[in-house]
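I opened this model to go through one chain and its contact with a partner. My entries follow the order in which I looked things up.

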Amino acid sequence: MGKVKIKRKSTLIDMTAMSDVTVLLLTFFMLTSTFLQKEPTIVYTPSSVSEEKVPTYDLVTVLVSSADKSGKLEDPSAAEGKLFISFTGGEDSTLSSEKVRIMMLQEAVSIYNDQHKNNPVELTTGEVAEFGKINMFGCPFSELKYMLGLSIADRDKFLGNMTDPRVGIPIDGNKNRDGRLNDFQVWLKAIYNVAQRINNEQCAGLTPEEARQVQNLYASLMRQGKGIAVKADKDTPFTVVEQVFDNLQTMKLNKFSLMTALKSEDEPTQ
Amino acid sequence: MAQIEQSDKGGKKKKGAQKKMQIHVDFTPMVDMNMLLITFFMLCTTMIKSQTLQIALPTNEEVKKEQMSQAKASEAITLILDTEYEGNKPKVDAETGKTVHHIYYYEGIADTLFQTANYLRHEQFIGNQNREPQGIRRILRKKNEEVMVQYDLLKTRWKNKEITKEEFDKLAKENAADSMKTRPVVVIKPGPNTTYEGLINALDEMQINQISRYSIELPNRVDTLLLRHYEQVNGVQIIRPTVR
């Protein structure tokens, strides 16, 4: 009886084709991706039929924190209504996010110090440079120095703790009885001033016709209301959001956008 | 990893002939690494960009009474918004999984003498059913019929590629602001329990129904009066204690 000889085959599989595919996929993802920006808290925006995209450049985002959803807090609403701001600069490097942030900070601090002569905020150049690297922040001016002194990990932890009274930009006292602006309004004023300055610089020597073509922070802020976007959770009470609106109106920034997710017209709303 | 096999199966090699070599490079680790990178990029990217809804609010500065524009009573419609709560969370409908919002609306001037029947009516955000507007959308559409007829015509022209998207946007904007047509003035009044989603839903209806004149105000005493009376007549509780 002859034995059936099993031919030994090599188990090597040619991975070249596989490698080609993965490299292609990788290239696709690398080219199309925009990274998720680090935000201290997650909010789920309500959906709307508006199809206008959020601009990637020249944008100031105001984030309103939602009530605690993890169920760890006894009073979930304690985490609600904290304000955070993030600045995104222009498309080219002449007005990068870092530069815009530093300009905003310097302007805001000078407005604040002008109003609080007894306890001014004094930042070192190192701390100012550090601010340029932070995507989203939210704390009163009095805590700014403390926040900038923290390491990156500690800062994330600090800003992520919504129940900490030192987190979130104060917004109380809109009607400024004593003539002082609250911290949020100081930031809004700084945004307005800086945006106007940028616009003046870019439009210097241009005819009004040409100036209208200039796309920058100021132009998008004032003309189209695209420069400021308010991002809030769908379950946040209107009264909380209303306070933000009211402050924006007081600071004459009454044209702005609300961040939403997309849905179709036929979809039931309820 | 990489193997070089010499194919020297028997036979004498000719002198001077080049050795035939087969080169195998094992790409498995390369694929492994690529897969890891792909996973990383997939997890770190946002494919869906959020949308924005533009809004323009009036200034907070005092405006003199003479300078205020008055809307005709026949054009006005007031929506009082409310969100139902369960405990300290917005109530979610078990069937649709969406938050329950209510709208109480009246047309024209508030009828505080309650002489006309149905001075205050109840609606909900239902959206479209079988491509037909339902709920509050139907009410608002009826109010803005003249603009909507023209808008639908424009939309068909755009769908048939007779006009471009830019032209369509421009014409639709002109149409919505056409003062020759009867257009409603909508006052949105979010009650104390309304969530942000309720407001966005209402603003959405403005956009869907091409309503160019609307404002957001807080409910006043007259509105509470109407709601209280509605409760008495219909035997329901609609004014709930403020949750937050």
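**Helix α6 of chain B**

I looked up the burial of α6(B) and found Asp223(B), Leu226(B) and Tyr230(B) buried. Buried here stands for 20 or more other C-beta atoms within 10 Å of the residue's own, exposed for 12 or fewer, and partly exposed for what lies in between, with C-beta atoms placed from the backbone. Down the axis of α6(B), the buried residues fall within an arc of 60°, so they line one face of the helix; the arc is that of the directions from the helix axis to the C-beta atoms. I note for reference that an α-helix has 3.6 residues a turn, so residues three or four places apart point the same way.

On the other side of α6(B), I found Arg221(B), Arg228(B) and Gln232(B) exposed. The cover over the buried residues of α6(B) includes β4 (76-83), β7 (101-107) and β11 (185-190) of chain B. Contact is counted when C-beta atoms, placed from the backbone, lie within 7 Å. Helices (H or I, at least four residues) and strands (E, at least two) are DSSP runs, numbered from the N terminus.

I checked the length: α6(B), residues 221-234, has 14 residues and reaches 20 Å from first C-alpha to last, close to the 20 Å expected at 1.5 Å a residue. The expected span is 1.5 Å times one less than the number of residues. Just after α6(B), Gly235(B) has a positive phi of about 65°.

**Basis of the entries**

This is a predicted model, in which local features need pLDDT of at least 70 and side-chain atom pairs count only at pLDDT 80 or more, while totals for chains, interfaces and linings use all residues. Residues are numbered from 1 along each chain as its sequence is written, and chains are lettered from A and ligands numbered from 1 in the order in which they are written.

**Helix α5 of chain B**

I then turned to α5(B), where 12 of the 13 residues are buried, so it is largely enclosed by the rest of the structure. Among them are Tyr196(B), Leu199(B) and Ile208(B). Gln210(B) follows α5(B) with a positive phi near 55°.

**Contact with chain A**

Two bridges join β2 (residues 52-53) of chain A to β3(B), and the strands run antiparallel. Glu52(A) stands opposite Thr52(B).

Note on methods
Pairing = 2+ DSSP bridges. Contact = placed C-beta atoms within 7 Å.
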